[in-house]
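Here is a short briefing on one protein structure. Look at the fold before reading on.

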Amino acid sequence: MSDCIFCKIASGEIQGMRVYEDAETLAFMDLAKDVDGHVLVIPKKHCKNILDCDTETLSAVMNTVKKVSLHLTEKCGYDGVNLLNASDESAGQSMPHFHIHIIPRRKNDGIDAWPAFEGAKEEIADVFERIRML
């Protein structure tokens, strides 16, 4: 997509701090300066979000997420990672190119990466009946 910033980073038109790259994916540093080591993993092929991403591309992205996460925990001194994704504007997606955030974690780092939910509004059994796939 010609106006997509992540597509421009993937093509090299815009410089990015590349952490890892293969034929289908790219991992690069997030410039938000919110958490040390914050990495984004994207498919080089444009997909808006996980909802329109084909299974081969999704598999490639997740393989890269695992490789980068293992590198962070085995070679870079981190203890674990949080993986974050928002798919669709209604979920808080601000960049219309599928991406997974990798937030590297250390024990007792004080980061609260879990959203604060206000509580369910419906009975769980009612929701289950509406969404189950079996």
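Predicted model: local features only at pLDDT ≥ 70, side-chain atom pairs only at ≥ 80, totals over all residues.

Residues are numbered from 1 along each chain as its sequence is written, and side-chain values use heavy atoms, without hydrogens and water.

**Nonpolar cores**
- A nonpolar core here is a set of buried Ala, Val, Leu, Ile, Met, Phe, Trp, Tyr and Cys residues joined through side-chain atoms within 4.5 Å.
- Buried means under 20% relative accessible area, exposed means over 50%, and partly exposed lies in between (1.4 Å probe, protein chains only).
- The largest nonpolar core has 13 residues. V41, V61, V65, V68, F98 and I102 have the most contacts inside it.
- Strand 3 (39-43), helix 2 (55-75) and strand 5 (100-105) each supply at least two residues of this core. Helix 2 gives the most, with four residues.
- Helices (H or I, at least four residues) and strands (E, at least two) are DSSP runs, numbered from the N terminus.
- V65 is in contact (heavy atoms within 4.5 Å) with V41, L83, I100 and I102, leaving aside neighbours within four places in sequence.
- A second, separate core has ten residues, including F6, C7, L26 and M95.

**S69**
- S69 lies in helix 2.
- S69 counts as buried because its relative accessibility is 10%.
- S69 touches V81, L83 and I102, not counting residues up to four places away in sequence.

**G119**
- G119 sits in the loop between strand 5 and helix 3 (124-131).
- With a relative accessible area of 43%, G119 is partly exposed.
- G119 and Q93 are 26 residues apart in sequence and 21 Å apart in space, C-alpha to C-alpha.
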